[in-house]
Amino acid sequence: MIIEFLGEKRRVPVMCKCRSEEYEKEKEREKQLEKQRRLERLRNYSLMDRDFEKCNFENFIVDENNRKLHHLAQAYCNQWHEMKKESMGFLFWGSPGTGKSYLSFCIANKLLEQLTPVIAISTIALINKIYESYGKYGEEGEVQIINALNNADLLVLDDLGAEHESKSGKEKQIIYSIIDGRIRNKKPMIITTNLTLNQLKQKLTGSDGVTRSYDRLVAMCTPIQVQGQSRRVQEAKRKQEIVARLLQ
């Protein structure tokens with residue numbers, strides 16, 4: 001191919017069509033590999049338990065009790081940039097086994113697939129992780145973990161209120177620090193709890209009788225009750241039926 005450059009004509013090599021197509025395919029393969037590498041790094045960063053990595057909308061069993069919640073969760077992911085801008089989150093509350101955790105981790109996994117930094121962890125596991133850090137790093141360990149929580153675009157905190165409560169009230173201080181940090185950074189949270197809203201309010205009330213943690217939490221996370229039969233009980237009945245058939 002002849003081109004004119006600075007008044008001079010020069011011959012430059014031109015990539016043939018087949019080589020050009022192969023080059024584009026290679027670029028696309030490398031792009032996908034890099035996406036997979038980034039996704040794996042994000043999954044490791046997310047703190048998510050391996051069992052919860054399997055939670056996704058493809059495996060979600062929709063029924064009359066969760067149909068609207070399923071739609072809500074998918075819409076939240078599809079409109080994530082707006083949700084993030086509005087610091088929009090949820091407080092899913094209701095009886096154990098109704099699918100609150102599964103729903104929340106479906107959202108977490110969907111956003112992770114979109115390469116969104118997410119941390120998803122149970123409150124008990126988080127408190128234990130912070131306590132374990134004291135032995136290695138002292139108080140600095142707690143600061144590092146809370147900073148990591150603040151850096152995530154979305155924090156999913158599962159089973160709030162189930163954590164052990166010591167006489168020192170340290171657990172409440174940690175929870176308040178987490179909630180306060182997310183609010184100050186205007187970053188959304190999704191919380192699940194088996195407690196009623198009133199029970200959660202009492203649980204989060206400080207020794208001074210002030211409900212600051214609860215008040216700030218519901219201001220940021222819209223409370224939504226998740227109802228329906230316990231899936232765990234249903235699964236237990238199904239397995240009992242299998243055992244009964246085997247015994248016949």
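**The largest cavity and its setting**

Reply: The largest cavity has a volume of about 50 Å³. The model is a predicted one, and the structure holds one cavity of 30 Å³ or more. The residues that line the largest cavity are Glu163, His164, Glu165, Glu171, Lys172, Ile175, Lys203 and Leu204. Sorted by class, this lining has five charged residues, two nonpolar and one polar. Helix 7 and helix 8 (197-204) each supply at least two residues of the lining. The largest share, three residues, comes from helix 7.

Helix 7 also takes part in an open site. The second largest pocket has a volume of about 210 Å³. It is lined by 14 residues, and the closest to its centre are Gly169, Lys172, Gln173, Gly206 and Ser207. Two or more residues of this lining come from each of helix 7 and helix 9 (212-220). Here too helix 7 gives the largest share, three residues. By class, the pocket lining divides into eight polar, three nonpolar and three charged residues. Lys172 is listed in the lining of the largest cavity, and Lys172 is also among the residues closest to the centre of the second largest pocket.

Helix 7 (170-184) is in turn one of the elements against which the buried residues of helix 6 pack. The others are strand 4 (118-122), helix 5 (123-137) and strand 5 (154-158). Helix 6 covers residues 139-151, 13 residues in total. From its first C-alpha to its last it reaches 19 Å, close to the 18 Å expected at 1.5 Å a residue. Its buried residues are Gly141, Glu142, Ile145, Ile146, Leu149 and Asn150. In an α-helix, residues three or four places apart point the same way, because there are 3.6 residues a turn.

Strand 5, one of the packing partners of helix 6, contains valine 156. Valine 156 is buried, with a relative accessible area of 0%.

The cysteines can be treated briefly. The count of disulfides comes to zero. For cysteine 55, the closest cysteine sulfur is that of cysteine 106, at 5.6 Å, so the pair is too far apart for a bond. The sulfur of cysteine 77 also has cysteine 106 as its closest cysteine partner, at 8.7 Å, which is again too far for a bond. The cut-off applied to a pair of sulfur atoms is 2.5 Å. Both cysteines are buried: the relative accessible area is 5% for cysteine 55 and 3% for cysteine 77.

For the protein as a whole, there are ten helices and seven strands. Buried residues make up 38% of its 248 residues. Among contacts between residues at least 6 apart in sequence, 78% join residues at least 24 apart.

Definitions and conventions:
Residues numbered from 1 in each chain as written. Predicted model: local features only at pLDDT ≥ 70, side-chain atom pairs only at ≥ 80, totals over all residues. Heavy atoms only, no water. Helix = DSSP H or I, 4+ residues; strand = E, 2+ residues; numbered from the N terminus. Expected span 1.5 Å × (residues − 1). Buried < 20%, exposed > 50% of the residue type's maximum accessible area, 1.4 Å probe, protein only. Contact = heavy atoms within 4.5 Å. 1 Å grid on protein atoms, 1.4 Å probe; cavity = no way out; pocket = protein on both sides within 12 Å on 5 of 7 lines; lining within 4 Å. Points joined across faces, edges and corners; volume = space filled by probe spheres on them. Nonpolar A, V, L, I, M, F, W, Y, C, P; charged D, E, K, R; others polar.
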